[in-house]
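Here is a short briefing on how two protein chains meet. Look over the sequence and structure first.

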Amino acid sequence: MNLKPTLGRVLIKRCEPETKSGGIIIPETAQEKSAKGQVLAIGGFEKDKEFDIKAGDIAYFAKWGGTEIKDESGEAYIVIKADEILGVERKES
Amino acid sequence: MNLKPTLGRVLIKRCEPETKSGGIIIPETAQEKSAKGQVLAIGGFEKDKEFDIKAGDIAYFAKWGGTEIKDESGEAYIVIKADEILGVERKES
Amino acid sequence: MNLKPTLGRVLIKRCEPETKSGGIIIPETAQEKSAKGQVLAIGGFEKDKEFDIKAGDIAYFAKWGGTEIKDESGEAYIVIKADEILGVERKES
Amino acid sequence: MNLKPTLGRVLIKRCEPETKSGGIIIPETAQEKSAKGQVLAIGGFEKDKEFDIKAGDIAYFAKWGGTEIKDESGEAYIVIKADEILGVERKES
Amino acid sequence: MNLKPTLGRVLIKRCEPETKSGGIIIPETAQEKSAKGQVLAIGGFEKDKEFDIKAGDIAYFAKWGGTEIKDESGEAYIVIKADEILGVERKES
Amino acid sequence: MNLKPTLGRVLIKRCEPETKSGGIIIPETAQEKSAKGQVLAIGGFEKDKEFDIKAGDIAYFAKWGGTEIKDESGEAYIVIKADEILGVERKES
Amino acid sequence: MNLKPTLGRVLIKRCEPETKSGGIIIPETAQEKSAKGQVLAIGGFEKDKEFDIKAGDIAYFAKWGGTEIKDESGEAYIVIKADEILGVERKES
C-alpha cells in the first residue's frame, strides 16, 4: 500500500483478523480491549507530540480505534492518530 | 465546479458512488471505514496545521466525513477539513 | 434586512426554499448535505480566523447550519459563523 | 429591572411573548429559529470578545438561548452571553 | 454556615424554597429558568475571571445550577461557580 | 491508608456512610447534592490551580464526585480532584 | 511483557482479577469504584504533567479506566494515561 499518512497519523497492518458481528455487542466486561499491528508508515509527528514510534514496531491500540482503509486487492489497513497508540514492541537489531 | 474552499478545507471528487440506505445501518464491525477521492482544490492551511496534501492527490477520509455539495448538473463533491484527511496517494511525475 | 451580524458571523439569503417536514427525517445516507445562499453582510472576522468571504459571494454551508432570522415581511435569512462556511463561488468582475 | 449582568453577559427584554407548550416540540424543520429583544444592559465584554452591541439595540439570538429572569411584577427578561447574540439592528440617531 | 468556598466559587442562600417533584419535569417552554439568592461568601476570583460580585448582593443563576450544601440544622445553601452567575442586584448604601 | 494522591488530587475520608440503592434514582429535585469528608492527604496543586485546602479540613464535594478506594480492611475513601472541591470548613487552632 | 508505553502512558499489572458480567451492570451506588495494580513501565511524562509515579508502585485507577493488553500467554495488562492514576502506594526501601 502506497498511502502516506497525514501529519500525526500512522499506517498499520493489523496482526489479527477483525471479528465480524451483526448487531449489538455485549462485552464480557466494561474494560476497553486492544488490538495490535505492524507500523508501516508514519506521517510525521505534530509539535509537542513526538512519540517513540518507528516503522516495523508492533503497535497496540484500542480495538476499534482508527479508520480502516482497503487497497485494491481488498486487504485492510488501519490509519490511526499517533497519540492513540498505547505502546510499542520493538525487535532489537 | 468553481467552489473555493475556505481556509483549512479541501474540495474532493469521490472515487466511488455513495451507497444509499433507508433506515438504520448495522455495520459488520465497530471499525470506522474510509472512502477516497481526488483532491480538486485546497483553501489553504491553518497556522500550525500545514498538511502535505496537493491538488491531484487521492485522499482517504472517514466514510461519512465532510459535507456533500452538488453542482448544477447534480454531480456531488465533498468539502472536508484538511485535518480529517487520513492520508494521500500521489502519482510520481 | 438591516441586521449587522456580530463579530465572526455572516448574514446569508438562502438560494433555495427550505423544505418542511413534520417528524423524524431518515436521510438517504449518513453524509451531511449542504445548502447555499448569497452573503449579504459580514460582522468582521475574529483574530486568526480571517476567511476569504465577501458580500455578494455564493456561500455553501451545512444544510441545517446557522440560525434563521425573519424580517417583518416574513422573509427568512440565515446567520451563521464564518468558520462554518464550507466554501464560496465568486463572480469575476 | 435593576439587574447588572456579569462580565460577558447582556440583559434583554424580549419583543415577542414566548409561546407555551406542554410536551415535546416537533419543529417544522431542523433549522434553529431566532428570537429578538431590546438590549437593556451589558455587563462589559471579556478580553478578545468585544462585540458591537449597545443598550437600545434590537438583538437577535437563538430562540431558546439564554436564561429567563422574572422581576417582582412577573415580567420576564433574558440574560444571555454576548457571544451568543447573532446580530443587532440599531436606530440611527 | 462556616464554609469557605474554593477559588472561583460563591456561597449563596436561596431566596425561594426549592420546589419538589417526583419524576420527570415537563417545562412549559424550552427556555431555561433562573433562581436567586443572597451572596454569603466568595472564594476569590480566578485570573482573568474577576466578576463584580460582592457579599450581600442578590445573585441570579440558572434554576438548577450549583450544588446544594446543608448545614447541621438542615438549612440548605448553594455553592456555584462565579462564572455561572448571570447578574446581581445591589442595594445602594 | 498509605495512598499518596497524584498531582492535583485529594484523599478524603467521608463523614457519612454512602447510601445504597439498587436501580434508578429519582431525585426529589434536579439540584445536585453534596457530601462531606475530612481531607487526609493532598497530592500538591497544579500550576494556576492552587486551592486553600489543607489536611484536616472538612471538604464538601458533589455527592457522587471522585472515585472510591478501599483499603485492606474494607474501609472506603474518596480520591477527588482538588478543583472539584466546593469549599472547606477549618477548625481554628 | 515487553511493551514500551507511549509518552504519558503507564503499563500496569492488575492486582485483582477482573470480574466478568454479561449484560448491564446496576452498581450499588453511583460512586465510581477503583482498581489497583503494579506499575511495570512508564512511557515518560508529558510537559507540565510530571507525576510522582515509579515502576514498582501500587497504582490506583478508576475500575474501567485504561485499555487491556494481552501477551502471548493470555495474561492481561492495563495501559492507562498517567493523569488518570488516582494515587500510589510505595514501599519504603
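Chain B and chain A bury about 1900 Å² between them, where buried area is the accessible area (1.4 Å probe) that two parts lose on being put together, summed over both. Carbon and sulfur atoms give 52% of that area. This is a predicted model: local features need pLDDT of at least 70, side-chain atom pairs count only at pLDDT 80 or more, and totals for chains, interfaces and linings use all residues. Residues are numbered from 1 along each chain as its sequence is written, and side-chain values use heavy atoms, with hydrogens and water left out.

**Who takes part**

- The contact (heavy atoms within 4.5 Å) takes 23 residues from chain B and 25 residues from chain A.

**Polar links**

- Twelve residue pairs, both at pLDDT 80 or more, are in polar contact between the chains. Such a contact is a pair of N or O atoms within 3.5 Å; within protein, one must be able to donate a hydrogen and the other to accept it, and residues adjacent in sequence count only if both atoms are side-chain atoms.
- Chain B and chain A share one salt bridge, defined as a side-chain nitrogen of Lys or Arg within 4 Å of a carboxyl oxygen of Asp or Glu.
- Lys33(B) and Glu68(A) form a salt bridge, with their closest N and O atoms 3.2 Å apart.

**Strand pairing**

- Strand 5 (residues 67-70) of chain A pairs with strand 3 of chain B in the parallel sense, over two bridges. Strands are DSSP runs (E, at least two residues), numbered from the N terminus, and two of them pair if DSSP finds at least two bridges between them.
- Glu68(A) stands opposite Lys33(B) in strand 3 of chain B.

Methods:
Chains lettered and ligands numbered in written order. Helix = DSSP H or I, 4+ residues; strand = E, 2+ residues; numbered from the N terminus.
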